[in-house]
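Biologist: I am new to this structure and would like a close look at a single part of it. Please take the charged side-chain pairs, and then the strands around them.

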Amino acid sequence: MAQHTKLRKSSVHSRAEGDNRRKRKAPPALRTLMNYAALLVGSFLIALSFNLFLLPNKIASGGVSGISIIVNTLFDIPPAYVQWTLNIPLFIAGIFVLGKQFGVKTAVGSVLLPLFVLLSSHWEPPTHEPLLGALYGGLGVGLGLGLVFRGRGSTGGLDVAAQILHRLTGIRLGLAVASLDGLVILSAGLFISLENALYALIGLFVTSKTIDFVQTGVQSSKAAFIISKQPELVSEAILHDLDRGLTRLQGIGGYTGEERPVLLVVVGQNEVTRLKLLVRDADPDAFVIISNAAEVLGEGFYDDKIL
């Protein structure tokens, strides 16, 4: 009776949490507004990082912005005009080759980012040290792009070119992006200096890691795979004592050939120790694998940052 009461309370608690999450979910109009706000703020951060850190130190860390730095170095043409000159034709080509899935946000991003670059071009850079420029420029661009991606937007540029290349040649999209960025950095090494190209690699690395951070957040969850001869006891401990759901997967022993259920449960970082203790108490011989889960969405793992 006590177990049924506890389970019933847990079910009521879960339903209440689900109702609260549904109430918190933004209506479509507000969601669209927040997405465009993320695109706006993200584009401004990218432009600011470009003018304060990357451009003054001639760090062409890939993309159309990197091309604009090379052109500015060679011909003294303002980067914003170069970015518009490349972004708009690439966007039009993307519509013809890939269809209309780019949508309004990509068009807005393709025009908005160079505009912010132009408006903030007179701001004084805080440093002329290339390493600091690469680190802080890469960090700022990563934060900006992370916000743009969270708003389901795009700043266009070589990302569009990479998708066109992927569609026409069949080359993997990730490889296409890396190849185009690599060509920009290689060009920086040829037309600016090899040292600046090396700094550009640092900036590109920092940008990619920062985008991952913004996308997945700081809270990491853990996925545990549990193989036990007492699956019922382990399941009961997880469901009732830890108050977490689980999934049963069917596994077959590679040596014995015996069928045995594999329990999959996702927990927060602060619940790992308790999970291990519960499993050990239920079955001291259980085999447990715990791995990182970068991002988890769903019941009990709602992401408030997604609108």
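**Salt bridges and strands**

Modeller: Glutamate 258 and arginine 260 form a salt bridge, with 3.4 Å between the closest N and O atoms. The term stands for a side-chain nitrogen of Lys or Arg within 4 Å of a carboxyl oxygen of Asp or Glu. This is a predicted model, in which local features need pLDDT of at least 70 and side-chain atom pairs pLDDT 80 or more, while totals for chains, interfaces and linings use all residues. Residues are numbered from 1 along each chain as its sequence is written, and side-chain values use heavy atoms, without hydrogens or water.

Glutamate 258 is partly exposed at 43% relative accessibility, and arginine 260 is also partly exposed, at 26%. With a 1.4 Å probe and protein chains only, buried means under 20% relative accessible area, exposed over 50%, and partly exposed in between.

In total, the structure holds 3 salt bridges. One of them joins arginine 248 to glutamate 232, where the closest N and O atoms are 3.0 Å apart. Arginine 248 belongs to strand β2 (residues 247-252) and glutamate 232 to helix α10 (residues 231-241), so this pair ties together parts 16 residues apart in sequence. Such elements are DSSP runs numbered from the N terminus: helices (H or I) of at least four residues, strands (E) of at least two. Arginine 248 is partly exposed, at a relative accessible area of 40%, whereas glutamate 232 is exposed, at 53%.

Glutamate 271 and arginine 244 also meet through their side chains in a salt bridge, at 3.2 Å from N to O. This pair links distant parts of the chain, 27 residues apart: glutamate 271 sits in the loop between β3 (259-268) and α11 (272-282), and arginine 244 in the loop between α10 and β2. Both glutamate 271 and arginine 244 are buried.

Strand β3 leads on to its partner, β1. Strand β1 (residues 221-227) has 5 of its 7 residues buried, so the rest of the structure largely encloses it. Between β1 and β3 there are 7 bridges, in the antiparallel sense; strands count as paired if DSSP finds at least two bridges between them. Isoleucine 227 has valine 262 in β3 as its bridge partner.

Strand β1 pairs with strand β4 (residues 287-293) as well, in the antiparallel sense and over 7 bridges. There, isoleucine 226 has valine 288 in β4 as its bridge partner.
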